[in-house]
Amino acid sequence: MRVKFELNGSAVELDVEPWESLFDVLRDKLGIRSVKTALCEGSCSACGACTVLMDGRPIYSVMTPAYRADGRSITTLEGLSRGGEPHPLQSAFVEAGAVQCGFCTPGMILMAKAFLDGGGGPDEREIREAIRGNLCRCTGYVKIIDAIRVAAEGSGGGVQ
Amino acid sequence: MPSRVVIPRTPEEAIERLEALGGDAAIIAGGTMLFRLRNSGLLDHVGGLIDLSGLGLSYVKEGDGISIGSYASLSDVYRWASSSAARTRALGALADAVMSMPGWQIRNMATIGGSVSISMPQSDVATSLLALGARVRISGPSGERTVDLRDYMAGPLSPALRTGEFVREIVLGHPGGGSAHEKFVVSDIDHPIASASAHLALADDGAISSARIALGGGLRRHVVLDSPRVLVGRIPDEGTLDEVYGAVRDSVDPVDDFSASADYRRHLAGTMARRAIKRAYTRAGGSAI
């Protein structure tokens with residue numbers, strides 16, 4: 001079926017199959033490399049590597065039918081920087097040293113963006129709950145939480 | 001594998017399409033279960049997906065009772081259930097159940113209708129709704145019918161739906177009182193080994209006037225204890241909770257597998273029920289047990 005949606009601010013239009021996931025379409029047909037799969041064989045382990053924002057709400061793209069993107073706005077990590085400048089959350093992750101292997105980073109940053117856009121603040125408990133659907137197997141989360149806290153303090157709640 | 005998707009815009013169209021496809025139809029709501037199973041072989045017979053997203057069923061309404069559209073996401077249900085002090089007390093089990101699942105991504109996708117339609121005791125949301133006395137309003141070729149949730153959840157992935165039918169809404173009375181959900185899991189992403197939800201209403205003196213306990217997790221089927229004698233009319237103390245523990249242990253039929261023995265699950269079911277009653281009693285306005 002034919003779907004049209006906005007991907008990182010640009011209009012896209014393409015044919016998708018009923019059983020195709022949004023992940024398959026983003027990665028294989030649209031060249032979006034920030035979305036990843038990790039532990040999905042047979043079930044979902046809630047690792048968060050496939051996270052994208054649909055109309056600003058974080059979802060797992062591997063479980064989302066691609067046709068559901070029709071008429072929606074999809075944001076991936078590629079859509080965050082402006083004019084070659086990194087998004088404040090990207091800068092905060094770099095400054096805090098919150099990236100090790102980098103596999104979880106796109107999902108973490110998108111989830112953090114949704115958290116801050118929704119009015120989330122620097123409270124550590126809230127940050128931990130916000131990233132509960134994202135696994136990191138390197139950092140132990142401390143520096144990721146630091147980065148999100150720094151971005152929250154700098155943004156006054158909403159990061160554009 | 002389905003060759004097409006239909007997104008009906010009216011209930012009549014949905015019923016017509018479901019009837020036309022018959023056993024080849026699969027209803028898709030949030031999609032979290034269907035997309036997980038898509039390579040499992042279980043869905044190879046599915047010829048077409050009937051998608052409920054176009055029917056305007058994302059609402060939560062409060063009138064004579066509470067009606068939750070089947071397509072309402074768990075995150076929207078949670079926000080609604082925690083948006084006033086009275087709801088936080090009465091619907092605490094539902095909010096607890098949603099928040100016991102890891103991550104907003106899943107909560108944004110999974111729907112309340114899907115949570116009951118997978119018809120599995122592992123569903124925390126379904127367990128909480130059983131304790132809250134939920135009913136399921138079904139639309140179909142012969143009109144609407146409303147069934148008790150425990151009758152609707154007939155077996156794993158086999159809800160009591162006839163050809164042409166779909167779930168329109170989940171209906172709750174005005175539960176009042178207080179409720180809570182507790183579960184035991186090995187890790188955040190696992191199914192619960194044992195879970196329990198409790199709903200209690202209290203008389204003015206703090207005695208329990210009505211009670212319902214629902215047990216889920218690794219059981220062969222959900223168990224609902226309606227107005228158990230060990231609770232009704234009593235002001236609960238530790239001794240009461242010991243009796244509940246015993247009654248729950250005896251009422252469940254747990255699975256026995258690599259993650260927990262049947263006996264251990266019986267113990268955990270009793271323990272989760274104790275904890276859920278303790279919290280539900282405080283939420284209902286009782287003093288701490």
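Colleague: Why does Arg38(B) count as buried?

Modeller: Bear in mind that this is a predicted model. Arg38(B) has 21 C-beta neighbours inside 10 Å, and the cut-off for buried is 20 or more, so the residue counts as buried.

Colleague: Where is Arg38(B) found, and what is Arg38(B) in contact with, leaving aside its neighbours within four places in sequence?

Modeller: Arg38(B) sits in the loop between H2 and strand S3 (48–51) of chain B. With those sequence neighbours left aside, Arg38(B) is in contact with Leu43(B) and, in chain A, with Trp19(A). As for Gly173(B), Arg38(B) is 135 residues from that glycine in sequence and 36 Å from it in space, C-alpha to C-alpha.

Colleague: Let's stay with the two chains. How many residues of chain B are in contact with chain A?

Modeller: 22 residues of chain B, in contact with 22 residues of chain A. On the chain B side, strand S1 (4–6), helix H2 (32–36) and helix H6 (104–109) each supply at least two residues. H6(B) gives the most, with five residues.

Colleague: What makes up that side of chain B by residue class?

Modeller: The side of chain B that touches chain A divides into 10 nonpolar, eight polar and four charged residues.

Colleague: On to chain A, then. How do you know whether its radius of gyration agrees or disagrees with that of a compact globule?

Modeller: Set the value against the rule. With 160 residues, a compact globule would have a radius of gyration near 15 Å, and chain A has 15 Å, so the value agrees. The C-alpha atoms of chain A fill a box of roughly 45 × 35 × 25 Å along the principal axes. Buried residues make up 48% of the 160 residues in chain A.

Colleague: And how is chain A put together from helices and strands?

Modeller: Chain A has five helices and five strands. Along the sequence, the pattern of chain A reads β-β-α-β-β-β-α-α-α-α. Taking the contacts in chain A with a separation of 6 or more, 64% are between residues 24 or more positions apart.

Colleague: Which domains does the assignment give for chain A?

Modeller: The domain assignment gives domain 1 (2–78) and domain 2 (88–155). Their centres, taken over C-alpha atoms, are separated by 21 Å. The contact takes 14 residues from domain 1 of chain A and 12 residues from domain 2 of chain A.

Colleague: Which strands each supply at least two residues of the domain 1 side?

Modeller: Strand S3 (51–54) and strand S4 (57–60) of chain A do. The largest share of the side of domain 1 that touches domain 2, three residues, comes from S3(A). By class, this side of domain 1 divides into eight nonpolar, four polar and two charged residues.

Colleague: Now Gly56(A). Where is its place in chain A, and is Gly56(A) buried or exposed?

Modeller: Gly56(A) has its place in the loop between S3 and S4 of chain A. There are 12 other C-beta atoms within 10 Å of Gly56(A), and a residue with 12 or fewer is exposed, so Gly56(A) is exposed.

Colleague: What does Gly56(A) touch, not counting residues up to four places away in sequence?

Modeller: With those residues not counted, Gly56(A) touches Ala114(A) and Asp117(A). From Arg33(A), Gly56(A) is 23 residues away in sequence and 19 Å away in space, C-alpha to C-alpha.

Terms used:
Residues numbered from 1 in each chain as written. Chains lettered and ligands numbered in written order. Predicted model: local features only at pLDDT ≥ 70, side-chain atom pairs only at ≥ 80, totals over all residues. Contact = placed C-beta atoms within 7 Å. Helix = DSSP H or I, 4+ residues; strand = E, 2+ residues; numbered from the N terminus. Nonpolar A, V, L, I, M, F, W, Y, C, P; charged D, E, K, R; others polar. Domains from an automatic or database assignment. Rg over C-alpha atoms; globule rule 2.2 N^0.38 Å.
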